[in-house]
Amino acid sequence: MDNLRHVDGNALAGVFHDVFGREMTRVCSCCAHCGATNQLGAAWVYRAAGDVVRCPNCGTIVMVIVENAAGLHVSFEAIRWLQISASPEVE
Amino acid sequence: MTFITRGFRGRREADVPEGRVPPGQYVTSDFPVLSAGPTPRIPIEQWRLTISDPLRSERSWNWTEFTGLPAETVTVDIHCVTKWSKLDTIWEGVSLDTLLDDVTDRANRHVLFHSYGGYTTNLPIEDVTGGKAWIAYSYDGRPLDPEHGGPARLLVPHLYFWKSAKWVNGMTLSDSDRPGFWESYGYHNYGDPWREQRYQGD
Amino acid sequence: MAGAALPGRLNWLIAKASQTIDETDRVRTIVLDAPGWPGHLPGQHIDIRLTAEDGYQAQRSYSISAPADGEQVVITVELVDNGEISPFLIEDLRIGDQIEIRGPIGGYFVWDPSRGGPLQLIGGGSGVAPLMAMLRERVRTGSDVPVRYLSSARSFNDLIYRLELESISAETEEVEVLHTLTRIQPQNWTGLTGRVNRTVLAKHVWPAFTRPLCYVCGPTGFVETVASTLVALGHQPGRIKTERFGPTN
C-alpha cells in the first residue's frame, strides 16, 4: 500500500476557501497532464511542508499551497480548467 | 488580536536545553512523516546512487558497493521548517566528503539532489562537504524505514530538514543554482534555521 | 438551508463549550454554542484553532456529528496519543471554555435527503462522526431514504453512539445498523467480527446495482481498503465519497 499518506481534497476545504474565497471542493477540475476531470474534493492531498494536491487519476501535482508568514503562496502546475458553477448549490 | 485558549499548551517538550533550538522551533519526541507524494518502493537490487558532473565522468554505486563504502555514525539535531525539532538523532551513512572526494574544483559549484519519486533539493557544494552531510541508510540503529526515506536519504542537519532529501538516488553538480522542489514552491533557497530562513524573501 | 454550506467569508468565531458527553474512554462529544454560526450540512467539518499564551498555535479539522440546529455545533473527538489538540479537548476543556472555530467547511463530503439513496455509511473508529450527522438528519427529517450504517470498532466499549443507533434502527423504517468488532468481542455478541473486508462488504453493503451513495470515513488505511473494494464490487467511483483522517503530524 503506497498511498497511506494522503488525505482527500475535502481536507483542504478550508485552505481552498482561503485561496479562492469560496467553497471549492465540489468544483470540477481538469488535469492538464492526463485530462481526467474530478471534483477538487476528490484530489489526493499530501500534507507536508506545504499542501501538495495531486490528480486522483494520474498522481501528477496539480497545485501546491504553502502557508508563509505573509499569507499563502499558491503554485498552479497542472490545472487545465476549473468549472465554477454560477449557482453553487447545483454543483 | 489573537484569541488565547485557556489552558492550552500543545505537545511541546517542556525542558529544552539552552541554545539547541533555533528560533520558532519546538522540540518533539515523535518523528513526523511529511511527504509530498507516495512512498517509493525500490527493490534493493535496482537501487543506484549516481553523481553527474559535466566536468568528469559519471560515478555510480549499487547497494552492495554503496554500503561497502566507509561509513560513519553521527548524532545530530534536526529541524523541520514546519516547526518541529528533534534532538540527538542517530544516523549511519556515507559522508558526502567520501563520495565527492574527487571533486577538487569547488568554486561556485552547486549540487542538485534527486530522489526516486521526483523530489529534488539544491545546495551549495560547501554545504554538503566538510563533514556537513551524509547519505544515510540507518536511523536509530535500524535500517532506514521507507517512510523516513529508506533505503537511503540525504542528511544535512545544519539546514532545514526539507534539504535532507528522502529516497535519494543521485546528485548533479553544476555551476548554476537551480531551485529544487520546495525551493520552487515558495520556500527559501538556502534554509538556515538559525536565521529562520523558511520562505522565499526571508 | 441552501446558503448554509457556502458562507461568504470563513471567519473565526468564538464558540463556548456548553456540554460534553463521554462516548467511550477515548472519545468525547463536545457541544459548542457558536454565536454567528450560519448553519451547516451533514458531513461538513469545522477547523478548531488553539493558541497558547506564548503564541504557539495549532489547528485541526473535526467533523460535525449532528445536523444543523441554530448556533449549536456538535463535534465528536477521538483522543490521539501525543496529539496537538485532541488531548486538550478531551482532558482539559471545561464547560464554559471558549475556543476559536471556523466553518462550515467542505461541500464534497455532504449528504442530505434531497440527494436520495439508498445511502451506505461506512465508518472506522471515530470516522463515524460525520456519518452520524447524516444519519441523524435522515431520521430528523423523516426522509424515506433507505440507509445501511456499518461501523468498525476495536471492541464493544469502543462503539460510539451505540445506544442511539440501537434505538434508531429499532424505531426507524429502512435504517439498518451493523457493527463489526475487530480485536475483541463480548460473549453474547451478535454483530460482525473482524475487519471490514471484501466478504463483509459483499454481504452487507447495498449491492452495486442499487446504485447507493456511499460515504466512507476513518483512518486512511481503512478508507483506502473499503473504497477500493467497493469499486471492485462494481460500485461507481463517482458515487463513493471518502474522508480519510490521515496521519496526524
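Two residues are in contact if their C-beta atoms, placed from the backbone, lie within 7 Å. By that rule, among contacts in chain C between residues at least 6 apart in sequence, 72% join residues at least 24 apart.

This is a predicted model, where local features need pLDDT of at least 70, side-chain atom pairs count only at pLDDT 80 or more, and totals for chains, interfaces and linings use all residues. Residues are numbered from 1 along each chain as its sequence is written, with chains lettered from A and ligands numbered from 1 in the order in which they are written.

Chain C has five helices and 12 strands. These are DSSP runs, numbered from the N terminus: helices are H or I with at least four residues, strands E with at least two. The C-alpha trace spans about 55 × 40 × 35 Å along its principal axes. Of the 249 residues of chain C, 48% are buried, meaning 20 or more other C-beta atoms within 10 Å of their own; exposed means 12 or fewer, partly exposed in between, with C-beta atoms placed from the backbone.

Chain C also meets chain B. Here 18 residues of chain C contact 15 residues of chain B.

| Element of chain C | Residues |
|---|---|
| β3 | 45-51 |
| α1 | 86-92 |
| β6 | 98-105 |

C:Ala232 sits in helix α5 (residues 220-232) of chain C. C:Ala232 is exposed, because 11 other C-beta atoms lie within 10 Å. Its C-alpha atom is 8.9 Å from that of C:Arg198, 34 residues apart along the chain.
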